[in-house]
Amino acid sequence: MDESVGEYPVVLEITVRFRDLDAMGHVNNAVYLTYFEEARVEYLKAASGSMKNPEDFNFVLAEALCRYHSPAFLGEKLKVGVKASEVGRKSFKFVYRIESAEDGRLVATGHTVQVAYDYENRRPMPLSDRLLEGFRKVQGDFSRKK
């Protein structure tokens, strides 16, 4: 399914900074994970109303994947879309799409898997009802894993 970034419930606009570039003059591959992170935080702010307390971050990143489709360059404006998908009992996946804000060109796609984590006991824990309700608030229904 080839959807546009406009179909994502949270879209963040980012302007490519000089510090984002590699020696070839385009955005360094690792920086895309930072773009995903910035969009993820915006999604979680929308879902929780806050991202200021440690309990707002009670998950760990278990997996990150980025597919590069076309390069992005200094000063280019990018739109980063994010949505929750495959929400399970203890984990959830965020799916990302990055497009050029100027011409709609697909720049990158990817996903991250987050696991709810009890830092005090150092082990995974069930997703909170508060987080799941926040997901519904942001995007309505989402797919649940068994």
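Visitor: Which residue forms a salt bridge with Arg19?
Guide: Asp20 does. Their closest N and O atoms are 2.9 Å apart. A salt bridge here is a side-chain nitrogen of Lys or Arg within 4 Å of a carboxyl oxygen of Asp or Glu.

Visitor: What should I know about the model itself?
Guide: It is predicted: local features need pLDDT of at least 70, side-chain atom pairs count only at pLDDT 80 or more, and totals for chains, interfaces and linings use all residues. Residues are numbered from 1 along each chain as its sequence is written, and side-chain values use heavy atoms, with hydrogens and water left out.

Visitor: Back to that pair. Is Arg19 buried or exposed?
Guide: Arg19 is exposed, at 56% relative accessible area. Asp20 is buried, at 0%. Buried means under 20% relative accessible area, exposed over 50%, and partly exposed in between (1.4 Å probe, protein chains only).

Visitor: How many salt bridges does the whole structure have?
Guide: The search finds nine. One of them joins Asp103 and Arg105, with the closest N and O atoms 3.3 Å apart. Asp103 is exposed at 53%, while Arg105 is partly exposed at 27%. Salt bridges with shared partners also link Arg17, Arg19 and Asp20 into one network.

Visitor: And what does Arg97 pair with?
Guide: Arg97 meets Glu99 in a salt bridge, 2.7 Å from N to O. Arg97 is buried, with 10% relative accessible area. Glu99 is buried too, at 9%.

Visitor: New topic: strands. Which residues of β1 are on its covered face?
Guide: Val10, Leu12 and Ile14. The uncovered face has Val11, Glu13 and Thr15. β1 covers residues 10–15. Strands (E, at least two residues) and helices (H or I, at least four) are DSSP runs, numbered from the N terminus.

Visitor: Which strand do six bridges join to β1?
Guide: β3, residues 77–85, and the two run antiparallel. Strands pair if DSSP finds at least two bridges between them. Val11 stands opposite Gly81, and Glu13 opposite Lys79.

Visitor: How many residues of β3 are buried?
Guide: Seven of its nine, so β3 is largely enclosed by the rest of the structure.

Visitor: What about β3 and β4? How many bridges join them?
Guide: Eight, and these strands also run antiparallel. β4 spans residues 91–100. Lys83 has Val95 in β4 as its bridge partner. β3 and β4 form a hairpin, with five residues between them. Glu86, in the turn, has a positive phi of about 50 degrees.

Visitor: Now helices. Which residues of α2 are buried?
Guide: Leu131, Leu132, Gly134, Phe135 and Val138, in a helix that runs 129–139. They cover an arc of only 155 degrees around the axis, which puts them on the same side of α2. The arc is that of the directions from the helix axis to the C-beta atoms. On the other side, Asp129 and Lys137 are exposed.

Visitor: What do the buried residues of α2 pack against?
Guide: They pack against β1, α1 (31–48), β3 and β4. Contact means heavy atoms within 4.5 Å.

Visitor: Last one: what follows α2?
Guide: Gly140, with a positive phi near 75 degrees.
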